[in-house]
Amino acid sequence: MAFPHRDSVQRAVDLLGVLLFDASSSEIARVLSSHGEPDVRLSASDVAELRAAAVELRAAFAAPDVASAASVLNALFAAYAGPPRLTNHEEGYGWHLHADAADDGPWGAWLVTSSALGLASLLAERQDVPGGLCASASCGKPFAHTGGGSPRKFCSPRCATRERVAAHRARG
């Protein structure tokens, strides 16, 4: 069965990957555009709001166990979410679930609610933490656990290889 919120989880990972690491507003807009957001124009306050939201969402990826992740997500829902609603954005995007207040609401609330909804669905489906933070000391980027197999420690094969090579050199 396909995971229905995979897109929102991947968008969260990609956005946190730039928002937590001081990317420019044009880089942030590029990530948003790559995930289907049309005509993205971000003010300085929009960027600040998105960065603050990313810091809050990071806690869900940093959670050490499923109960902690659920607690973080529940706290985000309590702080940000309104009643669930279906929307197609009046532009034919297809009906999908939102938990934010309005289609044209603040960027930060949208990022938190849409990401938390996807991460919570992933947690419920897998009965495990929805993601993690890269174990590479030089990285720390978030990643999602969307597939099967053994738990991941790194955000990418590149980080895993870099750490393996460093460990090998340290032994030799």
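In which handedness does α1 pass α3? The crossing of α1 with α3 is left-handed, that is, the near helix is turned anticlockwise from the far one by less than a right angle. The model is predicted, with local features needing pLDDT of at least 70, side-chain atom pairs counting only at pLDDT 80 or more, and totals for chains, interfaces and linings using all residues. Residues are numbered from 1 along each chain as its sequence is written, and side-chain values use heavy atoms, without hydrogens and water.

Helix α1 spans residues 6–19 and helix α3 residues 44–62 (helices are DSSP runs of H or I, at least four residues, numbered from the N terminus). Their axes come within 9 Å and cross at roughly 120 degrees (lines fitted to C-alpha atoms over the stretch in contact; angles run from 0 to 180 degrees between N-to-C directions). From α1, V13, L16, V18 and L19 meet L50, R51, A54, L57, R58 and F61 of α3 (contact: heavy atoms within 4.5 Å). This contact has eight nonpolar, no polar and two charged residues (nonpolar: Ala, Val, Leu, Ile, Met, Phe, Trp, Tyr, Cys and Pro; charged: Asp, Glu, Lys and Arg; polar: the others, Gly among them).

Helix α5 covers residues 107–126. The axes of α3 and α5 come within 8 Å and cross at roughly 25 degrees. The two helices are therefore roughly parallel. On the α3 side, D46, E49, L50, A53, A54, L57, A60 and F61 make the contact. On the α5 side, W107, G108, A109, L111, V112, S115, A116 and L119 take part. By class, 12 are nonpolar, two polar and two charged.

Methods:
Angles under 35 degrees count as roughly parallel, over 145 as roughly antiparallel, 65 to 115 as roughly perpendicular and the rest as oblique.
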